[in-house]
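Please work through each task before reading its solution.

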Amino acid sequence: MKGTLLQLVGVSVHYGGVKALDEASIEIGEGQIVALIGPNGAGKSTVIKSVFGLAPIQSGHILWHEKEIEPVSYKMVQQGVAYVPQGRQIFSNLTVQDNLEIGGVVIKDKKIMRSRIADVLDMFPDLKNKLSAKGRELSGGQQQMLALARGLITDPKVLMLDEPSLGLAPKIAKEVFEKIIEIKERRNTAILVVEHNIRPLLEVADRVFVLARGKVVIDEPNPKSLLEGARLERVFLGERIL
Ligand SMILES: Nc1ncnc2c1ncn2[C@@H]1O[C@H](COP(=O)(O)OP(=O)(O)OP(=O)(O)O)[C@@H](O)[C@H]1O
Ligand SMILES: [Mg+2]
């Protein structure tokens with residue numbers, strides 16, 4: 001059996017009066033693609049932010065290898081968790097090379113940095129030819145690939161992606177999903193993917209959590225099964241199924 005890497009156990013996050021997460025429990029196993037879906041404002045981004053100390057946790061715990069860990073960015077990065085935020089957040093005035101190096105700012109050894117960049121570029125041949133191009137000169141798809149590549153520089157065990165296909169044409173979105181599968185297969189990286197583009201994600205995911213109003217309302221080990229029947233529709237139409 002494959003082990004569990006990262007868990008949120010009964011995590012609640014409140015922003016003033018807004019309950020962004022309400023005792024949410026989510027887990028990511030070794031080498032798994034885990035889908036996290038739900039309507040707008042359901043709390044999906046907050047799940048990722050809570051792991052990195054970017055959301056105020058009221059109660060609950062974050063576990064790494066089943067032991068409690070303090071959810072602050074540098075500790076998570078040290079353990080092997082990486083985060084590619086919504087909207088890619090690459091530096092548009094910096095070159096592709098610089099953007100990659102910034103992803104590895106915790107790597108002090110230049111030799112290791114060079115070999116990590118070479119490893120990552122192996123998986124992103126399009127970026128290899130654009131190392132001295134500025135971020136803003138890349139297409140939306142290339143910027144997303146750069147964001148993925150940057151996320152991999154620290155060689156994470158868990159990669160968290162917030163809406164990687166957002167704003168991309170369907171053909172390019174498909175390439176992003178193919179890249180996600182390739183990352184899992186070549187590096188055995190576990191990947192949590194938040195998406196509105198549900199169908200292609202459920203086709204490839206190993207497990208899916210559905211959030212609504214901060215609660216996990218579905219935890220399904222057979223994501224494709226949600227593509228049939230009306231369970232998802234009911235959640236997205238706002239029916240209270242818990
Ligand atoms: N910094 C903040 N301050 C106040 N409220 C916030 C903050 N961040 C998020 N919220 C609220 O918390 C709830 C969950 O937000 P979150 O961004 O996690 O949702 P989401 O599922 O990622 O939504 P989307 O699909 O629109 O990206 C929403 O009601 C949102 O308005
Ligand atoms: Mg979001």
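**Exercise 1.** Determine how the residues of the shell around ligand 1 divide into nonpolar, polar and charged.

*Solution.* The shell divides into 5 nonpolar, 7 polar and 2 charged residues; Ala, Val, Leu, Ile, Met, Phe, Trp, Tyr, Cys and Pro count as nonpolar, Asp, Glu, Lys and Arg as charged, and the others, Gly among them, as polar. In this predicted model, local features need pLDDT of at least 70 and side-chain atom pairs pLDDT 80 or more, whereas totals for chains, interfaces and linings use all residues. Residues are numbered from 1 along each chain as written, chains are lettered from A and ligands numbered from 1 in written order, and side-chain values use heavy atoms, without hydrogens and water.

**Exercise 2.** Identify the element that gives the most residues to this shell, and list polar contacts of ligand 1.

*Solution.* Step 1: helix H1 (44-51) and strand E2 (18-29) each supply at least two shell residues, and H1 gives the most, with 3. Helices (H or I, at least four residues) and strands (E, at least two) are DSSP runs, numbered from the N terminus.
Step 1: polar contacts are pairs of N or O atoms within 3.5 Å. An oxygen atom of ligand 1 lies 2.7 Å from a side-chain N or O atom of lysine 44.

**Exercise 3.** Is glutamate 163, with its positive phi, buried or exposed?

*Solution.* Glutamate 163 has a phi of about 55° and lies in the loop between strand E7 (158-162) and helix H7 (170-187). Its relative accessibility is 6%, so glutamate 163 is buried (under 20% relative accessible area, 1.4 Å probe, protein chains only).

Definitions and conventions: Buried means under 20% relative accessible area, exposed over 50%, partly exposed in between (1.4 Å probe, protein chains only). A polar contact is a pair of N or O atoms within 3.5 Å; within protein, one must be able to donate a hydrogen and the other to accept it, and residues adjacent in sequence count only if both atoms are side-chain atoms.
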